[in-house]
Amino acid sequence: MNTRWSTLAIHAGEEKRKPYGSLTTPIVQTSTFTFANSAEILEFMHSKSNGGPPSREEYGRYGNPTLRIAEQKLAALEGGERALLFASGMAAITTTLLTILSQGDHLLMVSGIYRRTSELAQAYLSLWGIETTFVPIDQPESWEEAVRPNTRLIFTETPTNPYLRVIDLHALVDFARRHRLLTIVDSTFATPINLRPLEYGVDLVIHSATKYLGGHNDLLAGVVIGPAEILNRIEEARGVLGTISNPNEAYLLIRGLKTVALRVHRQNENGQRVAEYLASHPRIQRVYYPALPSHPDHVIACRQMSGFGGVVSFEIDGDFACTARFIDLLRIPYIGPTLGGVESVVQQPAAFFSLDPRERAEAGIRDNLVRYALGIEDPQDLIADLEQALAQI
Ligand SMILES: Cc1ncc(COP(=O)(O)O)c(C=O)c1O
């Protein structure tokens, strides 16, 4: 059956008959899972020795039935064999990289991605003797120059945070296959509703499920999706590193995922309408949104994505203080550092980045940049709100 994404988001991973006839998936709130007798333990140990996923649960750091439902739903949505849930997006990224890389390895990381991911490579992987070269997202020739005999993988985001750059996935996979590298794509900004990187031959997809997948600004979680062969190894590492999620977050994620297609479609619409409005406003210097022909990756984005998401970044005609004033004048969005939820959230990236203007300039974060993560409010209200704020600066 060719099940569409909104149907999968609701039904994938769910048993039709759940405990007690419950319609919704129960939260299995336990730290451990008991065995009736020693024979059951032996049976369990035999099932584990086959290398596949265990036949039952053992201990909460290794797995939980509520998490497994969320994982199956996420695997179905991305079209992957398996998915693993983590305590946060960063826990997913950290555990994946620590599973795959070892001392003496080298990786390529696309520049301009989420700051903490770059920091993981620069400040932490380096301590373990793992070197990183940052490469531009739009220059595959430079990837060729950067690759070394000990390069193991290339890591990218698409679209990136906060400038929404989009990588050409065909070029990425072609390059990686020629050099026998693993490809990892952080697809948080795209969501499986707008892009499914595994269909392009990408090896692993990661999401901060805190964002669009959860969708309600009430949970922290991360997910890795891909082939069982690699995911089984990452699962082992998750059990050792203790980076797993918990049944309450998994329940909230299952609940949030049921509306992911509806929400993301509205966020795509809000993104498009707000970006077009801003692009034509005289007080806006520049708008970063892949649907706009002015975006450097517009052509790739149109070929690759079925929607462009709810984040619009733009530069105000004004300085740091003027941009801060504009943000304070907005009445609908909350001010904060997240995206993807039903409530709109806005931020001035420079204010969160550093108090030192030189550090901001070096990182390419302009003082007048605004990142507006649109929720699912009415687009007319969002635009009217922008209008009144822009009229006052
Ligand atoms: C693209 C991207 N990846 C990963 C993360 C980290 O996710 P989390 O906050 O769930 O650890 C974020 C957080 O903002 C992000 O924007």
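User: Helices (H or I, at least four residues) and strands (E, at least two) are DSSP runs, numbered from the N terminus. With that in mind, where is Asp 297 found?

Analyst: Asp 297 sits in the loop between β8 (284-288) and α12 (298-304). Numbering starts from 1 along each chain as its sequence is written. The model is predicted: local features need pLDDT of at least 70 and side-chain atom pairs count only at pLDDT 80 or more, while totals for chains, interfaces and linings use all residues.

User: Is Asp 297 buried or exposed?

Analyst: Asp 297 counts as buried because it has 22 C-beta neighbours inside 10 Å. The cut-offs are 20 or more other C-beta atoms within 10 Å for buried, 12 or fewer for exposed, and anything in between for partly exposed, with C-beta atoms placed from the backbone.

User: And which residues does Asp 297 touch?

Analyst: Leaving out residues up to four places away in sequence, Asp 297 touches Asp 138, Arg 165, Val 166 and Pro 290. Contact requires C-beta atoms, placed from the backbone, within 7 Å of each other. Val 166 is 131 residues from Asp 297 along the chain, yet 5.8 Å separate their C-alpha atoms.

User: How is the protein chain divided?

Analyst: The protein chain has domain 1 (5-28 + 64-257) and domain 2 (260-391), with bounds from an automatic or database domain assignment. Taken over C-alpha atoms, the centres of domain 1 and domain 2 are 24 Å apart.

User: How many residues of each domain are in contact with the other?

Analyst: The contacts involve 27 residues of domain 1 and 29 residues of domain 2. On the domain 1 side, α1 (5-11), α8 (191-194) and α10 (247-257) each supply at least two residues. That side of domain 1 has 15 nonpolar, eight polar and four charged residues. Here Ala, Val, Leu, Ile, Met, Phe, Trp, Tyr, Cys and Pro count as nonpolar, Asp, Glu, Lys and Arg as charged, and the others, Gly among them, as polar.

User: Changing topic, how many residues does the largest nonpolar core have?

Analyst: The largest nonpolar core has 101 residues, and those with the most contacts inside it are Leu 85, Val 223, Val 224, Leu 253 and Val 312. Helix α3 (residues 65-78) gives the largest share of this core, seven residues. Both domain 1 and domain 2 contribute at least three residues each. Such a core is a set of buried Ala, Val, Leu, Ile, Met, Phe, Trp, Tyr and Cys residues joined through C-beta atoms within 7 Å.

User: What is Val 223 in contact with?

Analyst: Beyond its neighbours within four places in sequence, the contacts of Val 223 include Leu 74, Leu 85, Phe 86, Ile 206 and His 207.

User: Which residues come nearest to the ligand?

Analyst: Ser 88, Gly 89, Met 90, Ser 208 and Thr 210 come nearest, out of 13 residues around the ligand; a residue is near if its C-beta atom, placed from the backbone, lies within 6 Å. The shell around the ligand has four nonpolar, seven polar and two charged residues.

User: Where are the cis peptide bonds?

Analyst: One runs from Thr 158 to Pro 159, with omega near -15°. Another joins Asn 161 and Pro 162, with omega about 10°. Pro 159 lies in the loop between β4 (151-157) and α7 (169-178), and Pro 162 is also placed in the loop between β4 and α7.

User: Lastly, what is the mean pLDDT of the protein chain?

Analyst: The mean is 96, and 99% of the residues reach 70 or more; pLDDT is the predictor's confidence in each residue, from 0 to 100. Among the elements, helix α15 (residues 357-362) has the lowest mean pLDDT (89), and strand β6 (residues 204-208) the highest (99).

Key. Contact = placed C-beta atoms within 7 Å.
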